[in-house]
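Here are a few notes from my pass through this one. Have a look at the structure first, then read on.

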Amino acid sequence: MSLIIPLFMGLMMWALALGAAPELPFQENYLATIGVAISSLAIFIFPAPYLFRWNWEAKYYGSFLFPFATGLVLGVCPMLCITLYGALPLIWPATVLLLEIIAITWWSWRIVELYKGIFKSKHLFYSIYVEKEDAIYYYLQVDKAVVENTICFRISPSSIYFIPPMLLAFSILPFALSVSKFVGVPFTHIIMAIIGAPLNLLFVGICTKCWLVFYHYPKKIKKKTGKRVYVDMSSLPEKCEMPNL
């Protein structure tokens with residue numbers, strides 16, 4: 001089901017790119033071709049879990065969450081359309097795009113640093129990754145409790161990140177035609193670029209955590225113990241006491 005997301009996002013990217021530059025031939029509209037490529041790839045790999053009988057191993061479980069990264073299309077693609085196809089001086093949208101990239105990088109970095117600190121602690125390590133005779137089990141609910149309740153860290157942006165973009169979007173609604181003409185792209189692109197800014201943090205947060213807990217650290221664990229890492233979505237084992245920092 002998660003592969004429906006990149007399929008939909010690819011088609012949306014294609015539609016946004018064509019809407020911003022309808023006169024541009026498809027083969028010259030790079031954003032549109034990338035969108036079609038994303039959708040095509042989603043269709044191509046859709047049967048993989050069934051053909052290769054994927055199980056609850058971390059690398060397979062992570063593959064069902066990674067497609068959420070394509071949600072970045074909601075905010076990044078409209079901004080790219082404004083930058084590449086709009087009527088504004090290039091320096092203006094390029095500066096905004098650069099600021100968004102910096103924000104995304106910062107949000108990802110803080111999550112990397114969070115888990116770097118967690119996995120330096122043996123107590124935290126054995127709380128989240130529990131070793132059994134046959135394998136290592138990643139306890140998703142323990143991870144969630146450690147991050148949200150013990151450390152009080154938010155991987156997804158709070159509502160305060162959404163309020164300013166929403167206010168800005170609503171404030172320019174009465175001037176939709178004028179703003180669209182000034183920017184040089186359809187008004188939907190402008191609204192999506194504004195509201196999509198905090199959504200970028202949400203999706204990059206999911207993607208970063210997914211890479212860390214389902215790929216990066218399981219690879220280190222397998223190298224050290226020789227055991228594969230599997231995902232337990234719901235258990236809170238009795239022997240795994242919640243850490244107190």
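A contact here means heavy atoms within 4.5 Å. One caveat before the points: this is a predicted model.

1. Contacts first. Of the contacts in the protein with a separation of 6 or more, 77% are between residues 24 or more positions apart. Buried residues account for 42% of the 245 residues.

2. Overall layout. I count 11 helices and three strands in the protein, and from the N terminus on the order is α-α-α-α-α-α-α-β-β-α-α-α-α-β. The C-alpha trace spans about 65 × 40 × 25 Å along its principal axes.

3. The strands. β1 (residues 129-131) pairs with β2 (residues 136-139) in the antiparallel sense, over three bridges, and the two form a hairpin with four residues between them. β2 is also joined to β3 (residues 229-232), this time running parallel, by four bridges. Take a look at Ile136: this residue is the bridge partner of Glu131 and also stands opposite Val229 in β3.

4. Leaving aside neighbours within four places in sequence, Asp232 is in contact with Tyr138, Tyr139 and Leu140.

5. Surface and charge. The accessible surface of the protein comes to about 14,000 Å², with 69% of that belonging to carbon and sulfur atoms. As for charges, there are 19 positive and 13 negative ones, and their mean positions are 5 Å apart.

Technical notes. Residues numbered from 1 in each chain as written. Predicted model: local features only at pLDDT ≥ 70, side-chain atom pairs only at ≥ 80, totals over all residues. Heavy atoms only, no water. Pairing = 2+ DSSP bridges. Buried < 20%, exposed > 50% of the residue type's maximum accessible area, 1.4 Å probe, protein only. Areas by Shrake-Rupley, 256 points an atom, 1.4 Å probe, with all protein chains shown as cover. Lys, Arg positive; Asp, Glu negative; His and termini not counted. Charge placed at Lys NZ, Arg CZ, Asp CG, Glu CD.
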